[in-house]
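Hi,

Here's the structure I promised to send over. Have a look at it first, and my notes come after.

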Amino acid sequence: MSSFLPVLTAFEQQSIGERQPLPERYLGLSDAEMTARIAAARATLGTRLVILGHHYQRDEVIRFADYVGDSFKLARQIAARPEADYIVFCGVHFMAESADVLCASHQQVILPDLAAGCSMADMAAPDQLEICWEELMQMGVGSTDATGRAGVIPVTYINSAASIKAFVGEHGGTVCTSSNAAATLRWAFERGQRVLFLPDQHLGRNTADKMGIPLDDMVVWDPHEICGGLEPDQVQRAQMILWKGHCSVHTRFTPQQIAQVRVEHPGIRVIVHPEVPREVVQAADDSGSTEYIIGQVEQSPEGSVWAVGTEIHLVNRLAQQQAGRRTVLSLDQFGCLCSTMFRVSPNHLLWILESLAEGRVENRVTVSDAQKHWNRVALDRMLSIQ
Ligand code: SF4
């Protein structure tokens, strides 16, 4: 039975809004029944339906996806299926918002469980960004230099709300993913003297570090402090202004885990996602986006042994796919699970698909017209940066 549905904490309910309950008749179904009914609903909907699945989704959901990928790959898939009326996004809320911005006007984007948010995205609120920008200007970093570069270029990780992406688009910035973060920073530094990077300080720091930007040229902006907790001269000297946000899943990885796995498996290769803290990247052999991690493992010599520091569903799936050829272990022995990704269950997917087959759209995600234009500008810039 695949009827386990996680319970939200009070903080989570507050941070992601009201949750739509799954109708009771969709609880307690057997895997076999759900599989048969999902297949029947898909057959009814035919090419009017496309299901996108993020790598961090559980197997019981991902096996129904037409396309599987990270945020960047899935964002690119949206244009590839113009005939689909319904885009069912098995991922989290900010991904569905971006899909709504990128899709055609006749397409509707659906998130199977509206409570599937992202704790990192919740760490940057639009009013905090407005205040930050105003304070940065007051701190004297708004002026264009002699070569025409702006004082600050805002760059937001795709793991952020549509309101944040709209602000960034309107202020000359762009969106990045972990796949194109370095290219995005190069793009931004061609246009600006410094970068305000949000909401993930770790992706910003790790990417800038790999590009050779000294740590002394990076400051952390705390949105809960006046002027981010910084003095004007600190901000003026900085190349990178890192928003104080993080992923609660990837910050669980530690250098101690890497030391331990090297003792237990001499010769093991360790690869981690760049949302982990810098000291973990430094202790690992390699780092990169989920697509990069998969590619490195798949291209490694047969018999290789890997410890992977990212969400457990991706790691387990990779381990299964590589069984008999390469060994893939989770860097965290208990496995790091993204509880918000886990909210999308096969039960929710079945409910959504049967509703669509009956002509009802449940859990549609839309971005307001007021925000759509600048979101589109920011996301188009992201898609143009290789
Ligand atoms: S893994 Fe982290 S960044 Fe990704 S959706 Fe989950 S909480 Fe958000």
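This is a predicted model: local features need pLDDT of at least 70, side-chain atom pairs count only at pLDDT 80 or more; totals for chains, interfaces and linings use all residues.

Residues are numbered from 1 along each chain as its sequence is written.

The sheet: five strands form an open sheet in the order 6-5-7-9-8, with parallel pairing. Helices (H or I, at least four residues) and strands (E, at least two) are DSSP runs, numbered from the N terminus, and two strands pair if DSSP finds at least two bridges between them. At the edges sit strand 6 (174-176) and strand 8 (218-221), each pairing on one side only. Strand 6 pairs with strand 5 (residues 150-157) over three bridges, in the parallel sense; tyrosine 157 has cysteine 176 in strand 6 as its bridge partner.

The helices: helix 8 (residues 181-191) lies across strand 5, strand 6 and strand 7 (192-198), at about 140° to strand 7. Angles run from 0 to 180 degrees between N-to-C directions, and axes are lines fitted to C-alpha atoms, for helices over the stretch in contact. Contact means that C-beta atoms, placed from the backbone, lie within 7 Å.

The axes of helix 8 and helix 9 (residues 201-210) come within 9 Å and cross at roughly 75°, so helix 8 is roughly perpendicular to helix 9 (65 to 115 degrees). Ala181, Ala182 and Leu185 of helix 8 meet Leu203, Thr207, Ala208 and Lys210 of helix 9.

Cheers

Notes:
Two residues are in contact if their C-beta atoms, placed from the backbone, lie within 7 Å. Angles under 35 degrees count as roughly parallel, over 145 as roughly antiparallel, 65 to 115 as roughly perpendicular and the rest as oblique.
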